[in-house]
Amino acid sequence: MTRIAGVLVGLLLAAGSPPAAAQNSDQPAPAPAPKPTPKSAARPAEKAPLTSGTQAAFPDVLGRLLTLSDVIEIALVTQPQIQSRLYDYAAARFRVDEAIAPLLPQLSATWTATRDRLIFGVSPTAPTIFVTQNAVRLALSQVLFDFGKNFAATDVAKRLADVAKEDVEVQRDLIVLAVKQAYFNLLFGQRLIVVNEAALKRADLNLRSARGFYEVGTQPKLAVSRAEVDVANAKVALIQARNAEQLARVALNTGMGIPVTTPIQIVDILSEHPPYQIDHPRLLGEALRSRPEYKQAKLRVDAAEATVKLQVRNFYPDITGNAYVGRQTTDFREIWELGVALNWNIFDGGNKIARYREAQASLQSAQAQMRSEELTIAQDVEQAYLNVGAADEQIQAARAAVGAADESFRLAQGRFDAGVGTILELTDAQLALTQAQSTEAQALANFHIAIATLERALGRR
């Protein structure tokens, strides 16, 4: 019972940092961009999985303005994928109990009832007697010495339980990254809607101007037709932007583990672009210390080594103490016995040798997988680091492009209003401005997602 209680306590799950207060204004102030934090400070405590047959209660998100930390907190509590890994970890912990159980006393009870028919003689009228007999037996056995077999099996089970525990952390990291990506994709979708709504308003204004100029004879019919095409294209782009925003909202709700149709509101931090200090030479060392995948790989090596030791001990015998006491009802005779047994399977067709060689091969495989994991983590870290630098540079270039496109559109608008510019110049300038604004929004989203990916590669949350 103590070990079972320890399992439940060990599975306590916290949900990250406390939620920030909701903003009451119609236009929320941008929250600071997320800063990378060490996993040791950000990793929540473990929480017991739900009782079988129950479901996680969905958090109340209606009417709340959710920050990034809020959605991460909700996901860590509600996501069923994390709950599934917690149950797997609980099962692995119980397998430790199963491995150590043979070391404890084994007590069993049996009851046997028989009814015998005794016939005296061979004639049909020979007398017959029925004899009923009951026997009760209570047996106790205890392993006295097994050359450490059960301790080795328990050690293997513990290592595998630790692997399952790190699998919980892997799933949490994946969920956090998915939620961050969906959060910034939703902000990007909302920004695209604003950009395309503004583009549609400009296109409508240009259409009205083109019609007015056409009516007074200063612009040809081509100007009206081109402006109408521009309005239609702007409407299509707005429809696509709204659909992309809805898809991003579904992805975020799914990552949070809540119904996909739940209406949510999130804080807009897309425009925040703080300087991101990165100590490049130390990144790989931090990742190898923090990534749960690498911890898993090392634990699998430990488990494989423990399995090799177990297979070596299986070549030795077992010494077991036995005792039983019983009584028969025919003569009320008490039966008891004490003894020590030596069990040694001297030859089993080569099964033990094959299992030993299998364990050695599994150990070599686990060692190779650990080296492979090192290379994979190094690749993840370097790629994420380069992507952050590229995303940072793209923001600077995109903002410069927005400034130039805005100035070009302003000049083209003035020339068209003055009757010296063409509709082609104006629509081209408007399209360039819309594209530049969309590119800037995409660059901002890419920057935040690149930071989230780098934090995931480093084992941070």
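## Salt bridges and helix packing

Glu169, Arg172, Asp173, Arg291, Glu293, Asp380, Arg456 and Arg461 are joined by salt bridges into one network. The model is predicted. In total, the structure contains 22 salt bridges.

Arg291 sits in the loop between helix H7 (283-290) and helix H8 (292-313), while Asp380 belongs to helix H9, so the pair ties together parts that are 89 residues apart in sequence. The two partners can be set side by side by accessibility. Arg291 has a relative accessible area of 4% and is therefore buried, the cut-off for buried being under 20%. Asp380, at 26% relative accessibility, counts as partly exposed.

In one, the side chains of Asp428 and Arg226 meet with an N to O distance of 3.5 Å. Asp428 lies in helix H10 (residues 423-458) and Arg226 in helix H6 (residues 221-256), so this contact ties together parts that are 202 residues apart in sequence. Asp428 is partly exposed, with a relative accessible area of 44%, and Arg226 is also classed as partly exposed, at 28%.

In the other, Glu425 pairs with Arg415, and the closest N and O atoms are 3.4 Å apart. Here Glu425 is in helix H10 and Arg415 in helix H9, so the bridge ties together parts that are ten residues apart in sequence. Glu425 is partly exposed at 35% relative accessible area, and Arg415 is partly exposed at 38%.

| Salt bridge | N to O distance |
|---|---|
| Asp428 and Arg226 | 3.5 Å |
| Glu425 and Arg415 | 3.4 Å |

Helix H9, which runs over residues 351-417, also packs against helix H5 (residues 149-216), with the axes 11 Å apart and an angle of about 20° between them. Angles under 35 degrees count as roughly parallel, and H5 and H9 are therefore roughly parallel to each other. The crossing of H5 past H9 is left-handed.

The axes of H5 and H8 come within 8 Å and cross at roughly 165°. That makes H5 roughly antiparallel to H8, since angles over 145 degrees are assigned to that class. The crossing of H5 and H8 is left-handed.

Within helix H5 lies Ala203. Ala203 is buried, with a relative accessible area of 1%. The C-alpha atom of Ala203 is separated by 7.3 Å from that of Ala234, although the two residues are 31 residues apart along the chain.

The surface also carries a nonpolar patch, formed by Leu144, Phe145, Phe147, Val312, Phe315, Tyr316, Val340 and Ile353. Together, these residues have about 710 Å² of accessible area. Among them, Ile353 is found in helix H9. Ile353 counts as partly exposed, at 41% relative accessibility.

Technical notes
Residues are numbered from 1 along each chain as its sequence is written. This is a predicted model: local features need pLDDT of at least 70, side-chain atom pairs count only at pLDDT 80 or more; totals for chains, interfaces and linings use all residues. Side-chain values use heavy atoms; hydrogens and water are left out. Patches are made of residues with over 30% relative accessible area and no salt bridge: like charges are joined within 9 Å, nonpolar side chains (Val, Leu, Ile, Met, Phe, Trp, Tyr) within 5 Å. Accessible areas come from the Shrake-Rupley method with a 1.4 Å probe; for residues, only the protein chains shown count as cover. A salt bridge is a side-chain nitrogen of Lys or Arg within 4 Å of a carboxyl oxygen of Asp or Glu. Helices (H or I, at least four residues) and strands (E, at least two) are DSSP runs, numbered from the N terminus. Buried means under 20% relative accessible area, exposed over 50%, partly exposed in between (1.4 Å probe, protein chains only). Axes are lines fitted to C-alpha atoms, for helices over the stretch in contact, and angles run from 0 to 180 degrees between N-to-C directions. Angles under 35 degrees count as roughly parallel, over 145 as roughly antiparallel, 65 to 115 as roughly perpendicular and the rest as oblique. A crossing is left-handed if the near helix is turned anticlockwise from the far one by less than a right angle, and right-handed if clockwise.
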